[in-house]
Structures are given as C-alpha cells and as structure tokens.
Amino acid sequence: MIPTLKLSDIITVWRDALQASQPIRDFCTAHYNKPPNIFVGINGKTPPAVTDGPVIILYPGTKSEGLELQEYTYKLTISWMVSQPAVVVTGNLTEYSGIAECDSLGQLIYLELAQIRPDNPISVLHYNIEPVAYFPQFCGRMDITVTITPVNGYSINF
C-alpha cells in the first residue's frame, strides 16, 4: 500500500478548526459585528464582496508523494480579507486601521492552524499582507507547507 493523503482532507480539517475557533469568532464579532465567512475555494468571476468581509478562503494546493521520497509535502494557501475604511490622521502621520486588523486576523488564523496537528506541524509559512491594492479591503495570504514522513504500508491520517 502506498501512503497518500488528499489535499481536501487537510482543507476539511483546517476548515472545521477555523469555523469552530472562538478567538477568530470573537475578533471578527468585536471588529465587524459578525463571524467570518469561510470559503473553500471561490468563484473567480464573482469573488467575495466588501460586504462579505471578514472572509477566510482555503485553496487546495499541490502535493509531492511517492515511493522515492523520504518526506511528503503538502502546500496549501489560505487568504483572508477585512474591510476597514477607517483612517487615523495625527499631524503628519496617516495610518490605515485595516492593516493592523488584517494582520491580527492572519495571526489568529495561523495560530489556530499551527496547533491542530502537533505530530504533523506546519513546516514552512510564507505570509504577506496587501495593504494598498483594494482599499478599503485589506487582504492577506499565507502559503503553508506541511511535511509528513510516510511509513510504507500505513495510511497517512491528518
């Protein structure tokens, strides 16, 4: 038996954890008066609107498996968006509140995912925030790699 793991299995575990996360729910309710809308994939022709925010989107990614590999890698992407038009101007300093709020939500998402499977932790995280392109929407993205050492003859559970 060749051990293998579906990307959708990882997405399902992450989706359920994010949906059940009380810290994420509390943050979104405090700042936006509603819990986040969670999407597994999106329709690129009609992406989530400003009024849908806050939004968390889970995207399937890529995987590398095979008998000659010592480790299997699974790469998935999560993005999020908050809508915050507030701008604070103090003298010659202008600060867009959405940047910090977007970063805070991203950190909560990361912390939630990082604790799910201590035996299969997040191996690599690439994290960024796009603070200017879609004002008043502030978007973040994390590309996550999970590395698992397979054992021949056993299935991989996530």
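User: Happy to dig into this one! Where is the place of Ile99?

Analyst: Ile99 sits in helix α3, residues 97-114; a helix here is a DSSP run of H or I with at least four residues, and a strand is a run of E with at least two. This is a predicted model, where local features need pLDDT of at least 70 and side-chain atom pairs count only at pLDDT 80 or more, while totals for chains, interfaces and linings use all residues. Residues are numbered from 1 along each chain as its sequence is written, and side-chain values use heavy atoms, leaving out hydrogens and water.

User: Why is Ile99 called partly exposed?

Analyst: Its relative accessible area is 34%. Buried means under 20% and exposed over 50%, with partly exposed in between (1.4 Å probe, protein chains only), so Ile99 is partly exposed.

User: Which residues of the largest nonpolar core touch the most other members?

Analyst: Trp14, Tyr74, Ile78, Ile109 and Leu113 do, out of 33 residues. Such a core is a set of buried Ala, Val, Leu, Ile, Met, Phe, Trp, Tyr and Cys residues joined through side-chain atoms within 4.5 Å. Helix α1 gives the most to this core, seven residues.

User: What makes β4 and β5 a pair?

Analyst: Strands count as paired if DSSP finds at least two bridges between them. Strand β4 (residues 87-90) and strand β5 (residues 93-96) have four, in the antiparallel sense, so they pair. Val89 stands opposite Thr94 in β5. In their hairpin, with two residues between the strands, Gly91 takes a positive phi near 60°.
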